Amino acid sequence: MTIVQPSGGGAAARPQGGGGSLADVIDTILDKGLVIDAYVSVALVGIELLTINARVVVASVDTYLRFAQAVNRLDLSEGSKGLPELMQDMTQGVARSKTKGAAQGALEAAGEKLRELIGEPDEEPVRRRRRGREEA
Amino acid sequence: MARPTHAAEEARPAAQATATYLYGILPADVELTPEERGVGDPPGRTALVRHGDVAALVSELRLDRPLGRPQDLVAHQGLLDDVAAEVPVLPMRFGAVMESPEAVAEQLLVPHHDEFRAALEELEGRAQFVVKGRYVEGAVLREVLREEPEAAALRDQIKGLPEEATWDARIRLGEIVNRAVEAKRDADTGALAEALSPHAAAIVVREPTHEQDAAHLAVLVDTARQEEFEDALEECADRWADRVTLRLLGPQAPYDFVTGRPG
């Protein structure tokens with residue numbers, strides 16, 4: 001597998017920061033993050049938002065035809081790599097529940113883990129602009 | 001979205017020309033270089049509205065044109081991700097607009113001060129990463145044909161024939177492939193999350209954005225353990241060689257980890 005960097009210049013798997021392509025940005029900021037209406041009921045200003053197509057994957061006849069077309073043009077003679085056994089090992093015993101991603105619970109769980117696992121992040125190479133703030 | 005009370009309606013000018021666009025909440029002890037790089041056209045100048053220990057990152061927004069051009073979306077996330085590289089931040093969903101900086105302080109920061117401060121403390125020293133996996137088309141389709149005899153038979157049946165003559169067989173073939181890929185996505189997403197979870201503070205499984213997606217995860221990582229997380233991801237990448245292409249985005253603001261509502 002290849003790891004594709006959003007922008008060049010780092011070692012493999014060392015991200016260069018940023019949100020990636022516009023599609024990646026749309027996936028991230030349109031339906032995630034804090035919703036202002038949940039916190040404020042007055043002094044909100046309604047603005048006109050340009051229509052942005054939410055890209056939802058729904059299996060449709062089009063999807064089926066695309067898959068059929070892809071299978072049809074597949075050249076079976078070329079490089080028929082088998083499913084690596086490693087993959088099977090990896091897939092075994094997968095517990096969806098561990099990663100069920102209940103976003104609301106995630107932060108609390110994260111808080112517990114923080115106290116368990118993290119020490120003082122003194123190796124952190126991040127430039128701090130903060131005025132004399134103690135690490136929480 | 002705007003439902004001001006009667007009193008608030010009277011208190012502000014009838015036709016407000018500008019308003020305050022809100023990016024996110026951060027600790028108040030941050031120094032910001034004001035820059036002309038916010039959303040809007042021309043881009044708004046960024047500023048901080050402080051109250052106690054928390055602050056809102058805002059910019060002025062002209063109300064005479066719609067919001068949501070690609071550069072607005074990129075500006076919103078770009079600002080937040082830059083801030084998140086230095087301090088904890090609670091990102092707002094795109095499109096949060098209030099009447100004025102004073103309204104941001106009085107209506108948002110004052111009533112929710114303690115809640116925001118607690119959430120920021122939990123996020124201290126952490127960043128979000130997004131991992132996207134996409135199947136290598138030929139590899140995943142070969143797997144499906146090997147595992148699904150009916151798909152292989154249908155492939156032979158339609159081979160060399162025009163689409164109109166094989167419509168039903170194509171639909172059936174596509175349906176089988178789609179179902180098989182969905183099952184693979186579930187298994188591979190779970191396997192990836194499992195492999196990354198020892199190195200992550202929290203993981204959210206995102207919806208796929210493409211029919212050939214293998215996995216889509218948002219991962220909250222302790223910055224001190226970022227290298228360890230990336231090593232684990234790279235190990236997965238090696239195992240999946242030639243089968244899945246992985247992309248790693250970040251560090252970002254924790255968009256996927258702040259969706260809780262005020263309690």
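A residue is buried if 20 or more other C-beta atoms lie within 10 Å of its own. I keep that cut-off at hand for these entries on a predicted model.

**Entry: strand 8 of chain B**

I looked up strand 8 of chain B, residues 213-222, with that cut-off. Of its 10 residues, 10 are buried, so the strand is largely enclosed by the rest of the structure. I then looked for its partners. Strand 6 of chain B, residues 126-135, pairs with strand 8 in the antiparallel sense, over 9 bridges. In strand 8, B:Val221 stands opposite B:Ala127. Strand 7 of chain B, residues 202-205, also pairs with strand 8 in the antiparallel sense, here over 4 bridges. I noted B:Leu217 of strand 8 opposite B:Val205.

**Entry: the nonpolar core**

Which residues touch the most other members of the largest nonpolar core? I found B:Leu22, B:Ala56, B:Val131, B:Leu217 and B:Val219, in a core of 96 residues. Domain 1 and domain 2 of chain B each give at least three residues to this core. In soluble globular proteins, nonpolar side chains tend to be buried together.

I took B:Leu22 and left aside its neighbours within four places in sequence. In chain B, its contacts are B:Ala56, B:Val58, B:Met92, B:Ala96, B:Val97, B:Met98 and B:Val104. B:Leu22 is also in contact with A:Ile36 of chain A.

**Entry: domains of chain B**

I looked up where they touch: 8 residues of domain 1 are in contact with 6 residues of domain 2. On the domain 1 side, helix 2 of chain B (residues 70-84) gives the most, with 3 residues.

**Entry: chain A**

I listed the elements of chain A and found 4 helices and 1 strand. Along the sequence they follow the pattern β-α-α-α-α. Chain A has 136 residues, of which 21% count as buried.

**Entry: a helix pair across the chains**

How values were computed:
Residues numbered from 1 in each chain as written. Chains lettered and ligands numbered in written order. Predicted model: local features only at pLDDT ≥ 70, side-chain atom pairs only at ≥ 80, totals over all residues. Core = buried A, V, L, I, M, F, W, Y, C linked by C-beta atoms within 7 Å. Buried ≥ 20, exposed ≤ 12 C-beta atoms within 10 Å, placed from the backbone. Domains from an automatic or database assignment. Contact = placed C-beta atoms within 7 Å. Helix = DSSP H or I, 4+ residues; strand = E, 2+ residues; numbered from the N terminus. Pairing = 2+ DSSP bridges.
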